[in-house]
Amino acid sequence: MNLTLKVWRQQNAQSQGGFETYSVKDISSEMSFLEMFDVLNEQLIHEGKEPITFDHDCREGICGACSMHINGQAHGPWHETTTCQLHMRAFKDGDTIVVEPWRAAAFPVIKDLMVDRTSFDRIIQAGGYISVNTGNAQDANNLPIAKDKADESFAAATCIGCGACVASCKNASASLFLSAKVAHLALLPQGDAERKTRVLNMVDQMDKEGFGACTNTGACEAECPKGISIMNIRRLNAEYLRAGLSGSIAR
Amino acid sequence: MSLNSKIPAGELSQKWSLYKNNCKIVNPANKRSLEVIVIGTGLAGASAAAALGELGYKVKAFCFQDSPRRAHSIAAQGGINAAKNYQNDGDSVYRLFYDTIKGGDYRARESNVHRLAEVSANIIDQCVAQGVPFAREYGGMLSNRSFGGTQVQRTFYAAGQTGQQLLIGAYQALERQVALGNVTMYSRHEMLDIVKIDGKARGIIARNLITGKLERHFGHAVLICSGGYGNVFYLSTNAMGSNVTAAWKAHRQGAYFGNPCYTQIHPTCIPVSGDHQSKLTLMSESLRNDGRIWVPKKQNDNRKASEIPEDERDYYLERRYPAFGNLVPRDVASRAAKERCDAGYGVGTSKQAVYLDFAAAVIRYGTIECSKHGNHNPSADEVRKYGLAVVKEKYGNLFDMYAKITGEDPYEVPMRIYPAVHYTMGGLWVDYELMTTVEGLYCLGEANFSDHGANRLGASALMQGLADGYFVIPYTLGNYLADDIRTKAIPTDHPAFVAAEKEVEGRINQLMNIKGKQSVESIHKRLGLIMWNKCGMGRTAEGLKEAILEIQALKKEFWSDVFIPGTVEGMNNELDKAQRVADFIELGELMCKDALNREESCGGHFREESQTPDGEAQRNDEEFMYVAAWEYNSDSNWTLHKEELKYDVVKPSQRSYK
């Protein structure tokens, strides 16, 4: 199939960006979306031009690096699918596809479609862990955990930190990302000791990074490539309230 | 230089304890003034950086990705082994040790593998304490499954995303140390050289991939934890960015490269669909617990799978290896698939695939479920409905991934699979302490050669990465640094740093100034084809000699005709890639030379000249029971050093899974 692509190009964080139009020919429906971009980039290199910069690594939907906004949707049209797992079967001959980077103040553009998501790392640094040094652990089976709790915790822990939730939210809120981590750890007995300070510190950091507030539109859940449930945000709010009412304060 | 593996004296099962009792220790106040550089933040790097930060060392960690959480350990699916014997099925430290040595076709060091088995149980404890949500039974206890090459259930898992959960555990531990100020994280940085002063590794030159600027970093010791080099084949299950550059620079600075030709070709990957393909996707080995592998009994059979009756199917693994069946180790399963396809029994349009079929498992599980629901005379539809639900719970994410990539529904038709490059057992040679042949330069995880011999068993890579990082390096590094407490941080205007930076800068400028016509990607693809065809699943002396010449020619072409757009300043992914491919080309040549030297078949290394009458790998213990450690002299020129392997406890025998 032959396609027209309108792609956001921006030299660096300081410069003004804009859309460029490209056409690609003989794209196979078997290709992944990023392989179609590989074809375009090879074409640009042969024309002596700079290829389009974008984040990608594992290309199997798990590392969370890829991050394109495709035709107005984070990771494109397929439900619960990262850009690297989106295949060209989703498009038809003659289509025009618009590709933008994530748009959020807390994710500044580095170049073209690549953005800086280190704000997510700083949210984790604020408390997204259990403080246990190597060697402290007791035998793993000394701590039985009910299967439903373990499964629920696991479901939250499958977040890949790609940032689609932020990109999809009209407020650019990181609530789904943050809530997934809070839920993952709050659902486990190991996470109990730091439960209150964790949620307060992480929310505090989210605010400092310039992410917006959650207004429950549900766009994050709809676009999340891993199907992280918005119920985690409900849990986040409950945890936050519980910590606040108990008189705990952020450090 | 002769190789000293520094294996401690004493009985095998006591070596590690004795070592820990006797190794030197750095006191906490001194640790604060000792700096350690860690390259790579996968399971080995993140766990090492976190554990060393916890001890109080000043750690600088580097990764080329935008966040340490993206390292390719994240993609590991199946699980992690540990000798817990929670299933009461006869597992023990000794049995895990024995299986790993045997699985590696008697080409790994006994002492290292025994230590790995010893610390395996601590890893599970540590990960659970960190909040890693492993799969559990209804009683709240941890669940286990079996994996290829073993007869006990010792694999811990988190659905098909075990690597993700373990890496996030290590990542969180690492970020905690970042928050505490013990670790400084440098993401989007690539290590481009080791700086040596008085023969010791004392720092690195790294490139900030956003600004393009070169940086000098000092460390009392440097740890390479940069993963495997499967991307030398272009197509592999590795991430696009996975590369050999850090390890290769270390090699050029004097670190010997151990067993470079030992490559693991994983039997169950989604087959190649066309020339556009940029990578291959693994379907976890755990699928072989329930899937049966078959091809048609008739050559060039073009019927659909559903049209081929049961008695016209060849379940060739069950036929050839009745004791292990579909659970034979990876090297055996891969070769058997290649043998069938080469003989004309392959399926799918490319005929380079075999079926992995879940129909029998659906019926088996469905019958059990119906029985649980009190339905002892269920219809075929009822059985299928319940059976599908069980298969979905166990493997749902893998089936979904398969459907997205191929456009086929694996619940309806059998999966098509074919072997693909997955893991590299070779890597930088290290001694018992994980130190390379350069003093103060260590290598951990997949990047080193140490624990898997010629073939890695499933669910052992995660175990090794975390063992090295959490439980080995914190002891062995202290033993080295204890003698270095008087060394003050060396300023980075030292002539060695200046010279190293100049060298790196010169190489980058040389690449940018070639201004040829071919893209980096196109040359990488050609390298991959040479490697896959001549240094892949089956190798011959003739093919390897040809490959060496072809790679040397390709290298000339690369250095005279590659085109890198853009500039040295600012972000330039093509330049990053070009530097990696330049190193892959050099590595490819060494791999072929190593493969040529090893005139035997062992594990993942199959020399067609060396096979038994029934087509199994034929080892030659008389002549080749050694680690091939290659010393870099100059361009295309290496010296081979041999570390003889001594088996005091296990008696090497021809592997049999029949």
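**Reading two predicted chains, feature by feature**

Me: In chain A, the mean positions of the 24 positive and 30 negative charges lie 6 Å apart. What counts as positive and negative?

Reply: Lys and Arg are positive, Asp and Glu negative, with His and the chain ends not counted; each charge is placed at NZ of Lys, CZ of Arg, CG of Asp or CD of Glu. Residues are numbered from 1 along each chain as its sequence is written, chains are lettered from A and ligands numbered from 1 in the order in which they are written, and side-chain values use heavy atoms, leaving out hydrogens and water.

Me: How many helices and strands does chain B have?

Reply: Helices (H or I, at least four residues) and strands (E, at least two) are DSSP runs, numbered from the N terminus. Chain B has 17 helices and 19 strands. Its radius of gyration, taken over C-alpha atoms, is 24 Å, close to the 26 Å of the globule rule for 658 residues (2.2 Å times the number of residues to the power 0.38), so chain B is as compact as a globular protein of that length. Chain A has 8 helices and 7 strands, and its C-alpha trace spans about 60 × 40 × 35 Å along the principal axes.

Me: What share of each chain is buried?

Reply: Buried means under 20% relative accessible area, exposed over 50%, partly exposed in between (1.4 Å probe, protein chains only). Buried residues make up 66% of the 658 in chain B and 58% of the 251 in chain A.

Me: Where is B:Arg580, and is B:Arg580 buried or exposed?

Reply: B:Arg580 is in helix α16 of chain B, residues 573-597, and is buried, with a relative accessible area of 10%. Counting contact as heavy atoms within 4.5 Å and setting aside residues up to four places away in sequence, B:Arg580 touches B:Phe64, B:Glu190, B:Leu209, B:Gly241, B:Asn243 and B:Thr245.

How values were computed: This is a predicted model: local features need pLDDT of at least 70, side-chain atom pairs count only at pLDDT 80 or more; totals for chains, interfaces and linings use all residues.
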